[in-house]
Amino acid sequence: NATTGAFSGTVPNTAAGLSIKVTATDLGGASSSETFSVLTPAAAPVLAAQTANQTWNSGQAVNFTLASNTFTDPQKETLTYTASQANGTALPAWLKFNGTTDTFSGTTPATAASLSLRVTATDTSGLSISEAFTATIAAAASQLTQAISSLTSGSGSGSSTLTQLASVSSPTLASPVH
């Protein structure tokens, strides 16, 4: 505002900084200028699509890729990704995370468990955001396999056992790869 000398407006997300030149001119036509810089703060990345909790079968290979729209950056800065357990400790030895492809891979342990995972996206300005989700390692259907073996070997109560175990022990399938 030339009358008040005040600047106002909204800095776009893509601005990294501004160089402003102010010129004052008197009634005689003489003028003087000053140039100054204004730094605009960067905004942190945003969690755009929360990753759903996962169910992985015990003793099975895992190959899970985060959705490409999980994180975004308001300034369109490049994001780098890291993963850990939600409490900050390293991933278990059987689970790897590739920050270039945003993919978890490995072979789950043979025992049922629950794992809280955290993925962090960091932009080139050093600002970051994290999301957490749970990966449940479902018990293998070994009881069902044993019941089928009993049934095929001629056990008289195998049919009843098989029906009961199938309704109780059926593991949930993992989400498809995004």
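Modeller: Ala121 has Ile129 in strand 11 as its bridge partner. Strands here are DSSP E runs of at least two residues, numbered from the N terminus, and two strands pair if DSSP finds at least two bridges between them. It's a predicted model, so local features need pLDDT of at least 70 and side-chain atom pairs 80 or more, while totals for chains, interfaces and linings use all residues. Numbering runs from 1 along each chain as its sequence is written, and side-chain values use heavy atoms, without hydrogens or water.

Biologist: How many bridges join strand 10 to strand 11?

Modeller: Ten, with the two strands antiparallel. They form a hairpin with four residues between them, and Gly126 in the turn has a positive phi of about 90 degrees.

Biologist: And what joins strand 7 to strand 10?

Modeller: Seven bridges, again antiparallel. Ser84 sits opposite Arg118 of strand 10 there.

Biologist: New topic: which residues touch the most other members of the largest nonpolar core?

Modeller: Phe104, Leu117 and Val119, out of 17 residues. Such a core is a set of buried Ala, Val, Leu, Ile, Met, Phe, Trp, Tyr and Cys joined through side-chain atoms within 4.5 Å. Strand 10 gives the largest share, four residues.

Biologist: Is Val62 buried or exposed?

Modeller: Buried, because its relative accessibility is 6%; the cut-offs are under 20% for buried, over 50% for exposed and partly exposed in between, with a 1.4 Å probe on protein chains only. Val62 is in strand 5, and its C-alpha is 7.0 Å from that of Phe104, 42 residues away along the chain.
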